[in-house]
Amino acid sequence: MQPINRKLIDGEAAIPPLNLYLKSYRENPYKYLKEIREHAPLYEIKGPNPEWFITRYEDVKAVISGNNYSVDDLPYRLLKKNDLIKGEGNLNVLSDAIADWMIFAQPPEHTRLRRPMTRYFSPRELSRMTHLVQKDVDSLIAAVREKGEMEFIADIAKKLPIITSSRLLGIPPEDYDIIYKWTNCLVDIFDQPNTLESYQAMNQTTIEFREYFTRLIATKRKRGDDGLISYLVALNDEEHIYSDDELLATCSFLITAAQESTEAFMGNSVLALLKNPDQKKWLSSNPDKITMAVEELLRYDPPIQMLVRIPLTEVNIMGQTIQPGERILTSLAAANRDPAEFDEPDVLNLARAKNNNIAFGYGIHTCIGAWLARLEGQLLFNSLLASFPDMELASDKLSWYPNVFIRGLKELPVNLKI
Ligand code: HEM
């Protein structure tokens with residue numbers, strides 16, 4: 001890898017400073033990311049603690065899967081914050097719970113937490129979900145058809161993931177609304193910075209989540225079903241893989257990890273189709289190419305825009321030494337648009353043949369729910385296009401959630417043209 005100019009590392013020369021919080025960045029991060037990847041692929045974010053931002057496909061892939069990096073140390077930082085705020089309430093329940101989430105764990109704990117459920121997430125096991133997801137897609141589409149209009153996020157993108165992952169876990173339909181409210185609060189854990197009030201709200205949500213799953217697990221113990229929670233409870237009663245706390249934390253983590261990312265994926269993908277009518281038309285005429293098309297939609301506007309990694313030892317990236325403990329923000333969004341990996345990366349090409357996008361990450365933490373999320377997208381997009389082939393964007397004014405890690409629309413009004 002060629003060393004890069006120090007001045008450019010500082011972001012002081014040819015490129016504007018990176019500001020993930022700008023409204024214009026949120027509206028179109030890709031034009032900023034392109035400049036940064038070209039001029040400062042290792043970008044130092046100035047601040048009290050050194051932080052780095054990397055954007056090239058090969059670098060991002062190497063760092064997120066490298067065994068000399070740890071995942072984000074948020075549980076540790078939250079514990080420190082908790083010590084500081086004694087007297088203003090505490091964040092004990094939240095910090096204990098996220099310390100049990102596999103996404104913040106290193107091997108061997110990570111392997112212990114993840115392995116019991118990998119079988120359950122395999123395409124073979126999950127293929128039994130296909131007809132159920134299709135049934136749910138059909139009834140959501142029937143509801144908007146009856147209404148004659150669609151705000152895609154509220155009418156479909158919020159609903160389908162919660163229905164699907166609740167089915168997977170064995171959560172009853174009467175609880176979908178409250179579960180959605182909790183995931184919507186807890187997802188802020190993946191954002192930064194967060195206010196104390198927001199951490200306190202997440203702490204309260206975690207308490208409610210714990211109480212809820214304690215009751216649900218007791219029910220499953222009495223009367224099991226074919227959901228993931230029953231499976232984990234039975235396995236754990238026999239093999240004692242998780243502590244009680246880990247089992248509870250795993251339930252709330254799974255449902256949170258599944259919800260906002262999949263909701264954002266659906267919104268970003270439908271927006272991309274509406275903004276590229278020729279591609280939308282092509283997919284309508286080629287529904288059998290949906291697998292390929294979904295990969296391209298994931299590449300083009302990935303819901304998870306960045307992941308954090310922290311070197312465990314001194315590392316050298318592009319000639320720059322990075323010390324253990326310095327945070328590296330790895331941009332999946334920029335990597336997925338790297339011309340060194342993808343031809344014409346800024347073009348949405350649903351027929352793209354070579355597409356090793358990293359929207360679901362790479363390495364041991366690769367998304368466990370990737371197959372399920374893809375399935376939801378494949379069934380939904382084909383059914384939508386079959387039902388409303390002429391649908392159009394109803395407004396150019398779009399607003400995005402402020403989360404800098406998860407890129408998702410707040411609303412997406414669509415003219416169904418029926
Ligand atoms: C399009 C939707 C989704 C996207 C883009 C997405 C993306 C990701 C990414 C990038 C990671 C890697 C995190 C890292 O390396 O630090 C991840 C991890 C994870 N995802 Fe997803 N995800 C999606 C849907 C889902 C669904 C539906 C589920 C569950 C039903 C799920 C469960 C998980 C879990 C449990 C992890 C942690 C894996 C580990 O740490 O070993 N995700 N996801």
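# Helix packing, ligand shell and loops in a predicted model

Mentor: The axes of helix 12 (residues 176–186) and helix 13 (residues 196–222) come within 9 Å and cross at roughly 145°, and please keep in mind as we talk that this is a predicted model.

Trainee: Is the crossing of helix 12 and helix 13 left-handed or right-handed?

Mentor: It is a left-handed crossing of helix 12 and helix 13. On the helix 12 side the contact is made by W182, C185 and L186, while helix 13 brings A201, M202, T205, T206, E208 and F209 to it.

Trainee: What does that contact look like by class?

Mentor: The contact of helix 12 with helix 13 has 6 nonpolar, 2 polar and 1 charged residues.

Trainee: And what about the peptide bond from Q192 to P193, is it cis or trans?

Mentor: The bond from Q192 to P193 is cis, with omega near -5°, and P193 sits in the loop between helix 12 and helix 13. Another cis peptide bond joins P107 and P108, where omega is about 5°, and P108 has its place in the loop between helix 6 (92–98) and helix 7 (109–118). As background, most peptide bonds are trans.

Trainee: Changing topic to the ligand, how many residues surround it, and which are the closest?

Mentor: The ligand is surrounded by 24 residues, of which the closest are F265, G361, H365, C367 and G369. Helix 15 (244–275) and helix 19 (370–387) each supply at least two residues of that shell, and the largest share, 6 residues, comes from helix 15.

Trainee: How many of the shell residues are nonpolar, polar and charged?

Mentor: By class, the shell around the ligand has 17 nonpolar, 6 polar and 1 charged residues.

Trainee: Staying with helix 15, is C251 buried or exposed, and why?

Mentor: C251, which is found in helix 15, counts as buried because it has 24 C-beta neighbours inside 10 Å, and the threshold for being buried is 20 or more. Leaving aside residues up to four places away in sequence, C251 touches L169, F213 and I229.

Trainee: What does helix 17 pack against?

Mentor: The buried residues of helix 17 pack against helix 15, helix 16 (277–285) and helix 19. Helix 17 (residues 290–300) is mostly covered, with 8 of its 11 residues buried, and those buried residues are I290, A293, V294, E296, L297, L298, R299 and Y300.

Trainee: Which residues are buried in helix 3?

Mentor: In helix 3 (residues 29–39) the buried residues are P29, Y32, L33, I36 and R37. Seen down the axis of helix 3, these buried residues fall within an arc of 130°, so they line one face of the helix.

Trainee: On to the loops, where does H240 lie, and what is its phi?

Mentor: H240 lies in the loop between helix 14 and helix 15, and its phi is near 50°, a positive value in a residue other than glycine. H240 counts as exposed because it has 8 C-beta neighbours inside 10 Å.

Methods
Residues numbered from 1 in each chain as written. Predicted model: local features only at pLDDT ≥ 70, side-chain atom pairs only at ≥ 80, totals over all residues. Buried ≥ 20, exposed ≤ 12 C-beta atoms within 10 Å, placed from the backbone. Helix = DSSP H or I, 4+ residues; strand = E, 2+ residues; numbered from the N terminus. Arc of directions from axis to C-beta. Near = placed C-beta within 6 Å. Nonpolar A, V, L, I, M, F, W, Y, C, P; charged D, E, K, R; others polar. Axes fitted to C-alpha atoms, helices over the stretch in contact; angles between N-to-C directions. Left-handed = near helix turned anticlockwise from the far one by under 90°. Contact = placed C-beta atoms within 7 Å.
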